[in-house]
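Let's take a walk through a protein model together. Keep the picture open beside you and look up each residue as we reach it.

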Amino acid sequence: MSQAGAAARGEQPSGDEEESAWPFGVSRTPTMTIGSALSILQREFPAVRVSKIRFLEDQGLVSPHRTPSGYRTYSQADVERLRFCLAAQRDSFLPWKVVRERLAELDQGGPDVPAPGARVVTEDGDLVTTDTPSRLTADQVAERAGCEASAVDALTRGGLLTADAGGKYPPVAVEIATLAGQLAEHGIDHRHLRTVRTAADRQVDLIEQIVAPVRSQRSGPSASGARARSHALGSELAKTFTALHTALLRSAVDRLE
């Protein structure tokens, strides 16, 4: 019995059924909210929304766990199944019936079954592809962002990029450097962007106040996965702050006309 089959009937798969479902060798511990799963999938599928994830569940293509309160929680294996479904539609235009059949074939195993465990790893409950280093040198950031190493150094001195003790940067540094480069084309350099960094730091302080109680859980049924849940909550709050900031900027620009 496949995981998708159980989902199609509105059932929760048993432990044995989960272990027999593709992807094999990938964690099935539900540590992610639907928002956290969405943020992972949007890296590859920017247009995907919560409604699409719920639709795929309704189609019997994925079966997330449910908390006693009824909230959906997702594992790495759930996210991989979702990624497979979205890629099948985007790249091959497969109807959902065919995608469901293909998943059933994968659940049966075989020589052509992909091994997501070799492609996907986890860092603090998040998923990253193995071809993306967890830490980057300044030269690597500059190469991927399409800028000079001196620009990375300037952003670091200006406080927009932060390197660790070994001089390495997190992958998000590439996005920051890329966006800063786009603004530099309009004469906005790292000195002008310090106010943006200050505003972000203030928002992080607010987020920290909210997630701290979740992260500090050390006992009881909620203790397991507390760090992953706090990370997911922080990510969701950051996205909301970003959306609000964007809306405020658009409103202000409209007033300039």
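This is a predicted model: local features need pLDDT of at least 70, side-chain atom pairs count only at pLDDT 80 or more; totals for chains, interfaces and linings use all residues.

A salt bridge is a side-chain nitrogen of Lys or Arg within 4 Å of a carboxyl oxygen of Asp or Glu. Residues are numbered from 1 along each chain as its sequence is written, and side-chain values use heavy atoms, with hydrogens and water left out.

Side chains of opposite charge can pair when their charged atoms come close. How many salt bridges does a search of the whole structure find? It turns up 10. Take E44 and R83, whose closest N and O atoms are 3.6 Å apart. E44 sits in the loop between α3 (34-41) and α4 (50-58) while R83 belongs to helix α5, so this bridge ties together parts that are 39 residues apart in sequence. (Helices here are DSSP runs of H or I with at least four residues, strands are runs of E with at least two, and both are numbered from the N terminus.)

Are these two partners buried or exposed? We call a residue buried under 20% relative accessible area, exposed over 50%, and partly exposed in between, using a 1.4 Å probe and protein chains only. E44 has 34% relative accessibility, so it counts as partly exposed. R83 has a relative accessible area of 19%, so it is buried.

Next, find R72 and E57, which form a salt bridge with their closest N and O atoms 2.6 Å apart. This pair also links distant parts of the chain: R72 is in strand β3 (residues 72-74) and E57 in helix α4, 15 residues apart. With a relative accessible area of 14%, E57 is buried. Leaving out residues up to four places away in sequence, E57 touches V62, P64, R66, R72 and Y74 (a contact means heavy atoms within 4.5 Å).

An α-helix has 3.6 residues a turn, so residues three or four places apart point the same way. E105 is partly exposed, at 45% relative accessible area, and R102 is partly exposed too, at 29%. Elsewhere, salt bridges that share partners join E44, E80, R83 and R90 into one network.

Now for the rings. Rings of Phe, Tyr and Trp (its six-membered ring) pair if their centres lie within 6.5 Å; planes under 30 degrees apart count as stacked, over 60 as edge-to-face and the rest as tilted. The structure holds two aromatic pairs. In one of them, W22 and F84 have ring centres 5.5 Å apart and planes at 65°, so the pair is edge-to-face. W22 lies in the loop between α2 (15-19) and β1 (32-33), and F84 in helix α5 (residues 76-92), 62 residues away. W22 is buried at 0% relative accessibility, and F84 is buried at 15%.

Last stop: helix α10 (residues 194-215). The expected span is 1.5 Å times one less than the number of residues, so its 22 residues should span 32 Å, and the end C-alpha atoms are 29 Å apart, which agrees.
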